[in-house]
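Let's take a walk through the inside of this one, helix by helix. Have the structure open as you read.

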Amino acid sequence: MTFLQNDHLGKFLLRLTLGLLMLPHGIAKLLGGVDHIQGMLASAGLPQWLAFGVFIGEILAPLMVIAGWYCGIGALLIVINMLFAIFLAHSHEIFALSGTGGWAIELQAFFLFTAVVLILTGPGRIGLNRH
């Protein structure tokens, strides 16, 4: 295997990409609050306290993924977070295109499916829990 075909480096870069792109969403909610999420949950008939789970899915989980520390669990938490986000905030866009022709939920889908890939492949050897 050559340097350009290093699957461990590839998994590390995948983890960094997912974690570093997801983390600012969690920080924004930490700074701005989760009132809007509580409102969406209430409208869906779900308990409002579930809104605080966004801090697990968008702060703790990305940090776990970035560090390679129980990456599969972190990735699973991101999957759960993204399923909530898609069905609570973006369900009307699932079969829609954006103004530029892309899938309206391509960012949410990217987070969701990248996390699924990490669950299936594992974190690689570069991380706190080496596999």
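Which residues of α5 are buried? In this predicted model, they are Q108, A109, F111, L112, T114, A115 and L118.

## Helix α5 and its neighbours

Those buried residues of α5 pack against α1 (7-32), α3 (53-67) and α4 (71-89). The helix itself covers residues 106-121, which makes 16 residues. At 1.5 Å a residue it should span 22 Å, and because its end C-alpha atoms are 22 Å apart, the two agree. Just after α5 comes G122, with a positive phi of about 85°.

In soluble globular proteins, nonpolar side chains tend to be buried together. Here the largest nonpolar core has 16 residues, and L18, V65, I78, M82, A115 and L118 have the most contacts inside it. Two or more residues come from each of α1, α3, α4 and α5, with α4 giving the most, six residues.

Apart from this core lies another one, of five residues, including V34, I37, L41 and A51.

Back to M82 for a moment: leaving out residues up to four places away in sequence, M82 touches M22, Q108, F111 and L112.

## How α3 meets α4

α3 and α4 pack at an angle of about 145°, their axes 8 Å apart, and the crossing is left-handed. On the α3 side, the contact is made by G53, V54, I56, G57, E58, A61, P62, M64 and V65. From α4 come C71, I73, G74, A75, L77, I78 and N81. Sorted by class, this contact has 11 nonpolar, four polar and one charged residues.

Terms used: Residues numbered from 1 in each chain as written. Predicted model: local features only at pLDDT ≥ 70, side-chain atom pairs only at ≥ 80, totals over all residues. Heavy atoms only, no water. Helix = DSSP H or I, 4+ residues; strand = E, 2+ residues; numbered from the N terminus. Expected span 1.5 Å × (residues − 1). Buried < 20%, exposed > 50% of the residue type's maximum accessible area, 1.4 Å probe, protein only. Contact = heavy atoms within 4.5 Å. Core = buried A, V, L, I, M, F, W, Y, C linked by side-chain atoms within 4.5 Å. Axes fitted to C-alpha atoms, helices over the stretch in contact; angles between N-to-C directions. Left-handed = near helix turned anticlockwise from the far one by under 90°. Nonpolar A, V, L, I, M, F, W, Y, C, P; charged D, E, K, R; others polar.
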